[in-house]
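Please report on the fold, the nonpolar cores and selected residues of the chain shown here.

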Amino acid sequence: MKKISFVEKEKKIILGPLQMLVSSILFAVMNYTAKLASEDISGSEVAFFRLLFGVVIVLILSFTGVINISSKNKGLLVARGVFGGTAVLLLFIGIASGSMTNSVVLNNTHPIFAAIVAIVILKEKITFKMAASILISWVGIIILFYPDMDTLQLADMLSLASGILGGFAIASVRQLRKLNESAWTIFFYFCIFGLVASFIFCIPTWKWPNLKQYILLLLTGFFGMLAQVMMTSAYKYCKAAIGGVLSMSTCVFTAFLGILLINEPLTVYELIGAVLIVSSSVFVVVIDKG
């Protein structure tokens, strides 16, 4: 029997979680640069450039033979691309027009909605713990929206919609994983369909970016790509449950950047709602190890 070296053991224990935390930080920085870029251009246009960056990088890697994005699972890949691409579009619109922190927290309800999709569509069994987590998350969503319906923000509604679509995207990814689909292929379909959707949305309000905005858009695409690659690499070394829990730290890092750098207010209601949503999402990830 082949012995596992001490270094290899350390990689599995430390490298995976560390990469996931770095990925979460990079996603938070991406959210911040996207927020800055959207001060003078639409959120859909920011999403367009962010996804364009991903498409270009994947095509370069494909044409040079570094990766292979061919596949026989076109149906599931299209589903992942449509749901995931539209989800990121709605998230960027939410970030542009509302609170960066709230948008990211509501987007991170996707584990909850992925669980609902698995129960309703994939006919997976629901446990008491899962049902309790889903209920707690909905309580958090209601609190985050605030009890007074007059205060509902369109940005929050769009961000919640991105979380719902993200749940469907995750369900598609799960099926693709069972078929041993390449992470790069899944990412490419996510980018290409999101690119088309964001382009359609940004046509009516298109505004050519200035030099500063181009730099911010480039940074948004760069940090997003780096975060995605880091996250993919992390799952080689840590379990899905651990990785999923650590990925929720994106909410914390984004909130920190929002409060520290752009003076985003965080009310007591928003804090309570965010804690309930993130904690219940974390619990869902922990009990849903598949």
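**Basis.** This is a predicted model, in which local features need pLDDT of at least 70 and side-chain atom pairs count only at pLDDT 80 or more, while totals for chains, interfaces and linings use all residues. Residues are numbered from 1 along each chain as its sequence is written, and side-chain values use heavy atoms, with hydrogens and water left out.

**Overall fold.** The chain has twelve helices and zero strands. Helices (H or I, at least four residues) and strands (E, at least two) are DSSP runs, numbered from the N terminus. In sequence order the pattern is α-α-α-α-α-α-α-α-α-α-α-α. Contact stands for heavy atoms within 4.5 Å. Among contacts between residues at least 6 apart in sequence, 89% join residues at least 24 apart.

Of the 290 residues, 49% count as buried. Here buried means under 20% relative accessible area, exposed over 50%, and partly exposed in between (1.4 Å probe, protein chains only). The accessible surface of the chain is about 14600 Å², and carbon and sulfur atoms account for 72% of that surface. Accessible areas come from the Shrake-Rupley method with a 1.4 Å probe; for residues, only the protein chains shown count as cover.

**Nonpolar cores.** A nonpolar core is a set of buried Ala, Val, Leu, Ile, Met, Phe, Trp, Tyr and Cys residues joined through side-chain atoms within 4.5 Å. The largest such core has 39 residues, and Val46 and Phe92 touch the most other members. At least two residues each come from H1 (6-37), H2 (43-63), H3 (74-97), H7 (154-178), H8 (183-202) and H9 (211-234). H8 gives the most, with nine residues. Apart from this core lies another, of 18 residues, including Tyr32, Leu91, Ile95 and Val278. In soluble globular proteins, nonpolar side chains tend to be buried together.

Beyond residues up to four places away in sequence, Val46 touches Ala34, Ala37, Ser38, Ile41, Phe92 and Leu217.

Arg80 is found in H3. This arginine counts as buried because its relative accessibility is 13%. With neighbours within four places in sequence set aside, Arg80 is in contact with Gly85, Ala169, Ser172, Val173, Leu176, Ile186 and Phe190.

Ser70 is in the loop between H2 and H3.

**Helix H5.** H5 (residues 110-120) is largely enclosed by the rest of the structure, because eight of its eleven residues are buried. Those buried residues are His110, Pro111, Ile112, Phe113, Ala114, Ala115, Val117 and Ala118. Phe113 has a relative accessible area of 7% and is therefore buried. Leaving out residues up to four places away in sequence, Phe113 touches Trp138, Leu160, Gly163, Ile164 and Gly167.

The 13 residues of H11 (residues 249-261) should span 18 Å at 1.5 Å a residue, and the end C-alpha atoms are 18 Å apart, which agrees. The expected span is 1.5 Å times one less than the number of residues. Ser249, Thr250, Cys251, Thr254, Ala255, Leu257 and Gly258 are the buried residues of H11. Leu261, also found in H11, is partly exposed because its relative accessible area is 43%.

Asn263 lies in the loop between H11 and H12. Its phi is near 55°, a positive value in a residue other than glycine. At 64% relative accessibility, Asn263 counts as exposed.

Leu271 belongs to H12 (residues 268-287) and, at 45% relative accessibility, counts as partly exposed. Ile259, Leu266, Leu271 and Val275 make a nonpolar surface patch of about 330 Å².

| Pair | Separation in sequence | C-alpha to C-alpha distance |
|---|---|---|
| Ser70 and Glu181 | 111 residues | 9.6 Å |
| Phe113 and Ile134 | 21 residues | 8.3 Å |
| Leu261 and Tyr32 | 229 residues | 8.8 Å |

Technical notes:
Patches are made of residues with over 30% relative accessible area and no salt bridge: like charges are joined within 9 Å, nonpolar side chains (Val, Leu, Ile, Met, Phe, Trp, Tyr) within 5 Å. A salt bridge is a side-chain nitrogen of Lys or Arg within 4 Å of a carboxyl oxygen of Asp or Glu.
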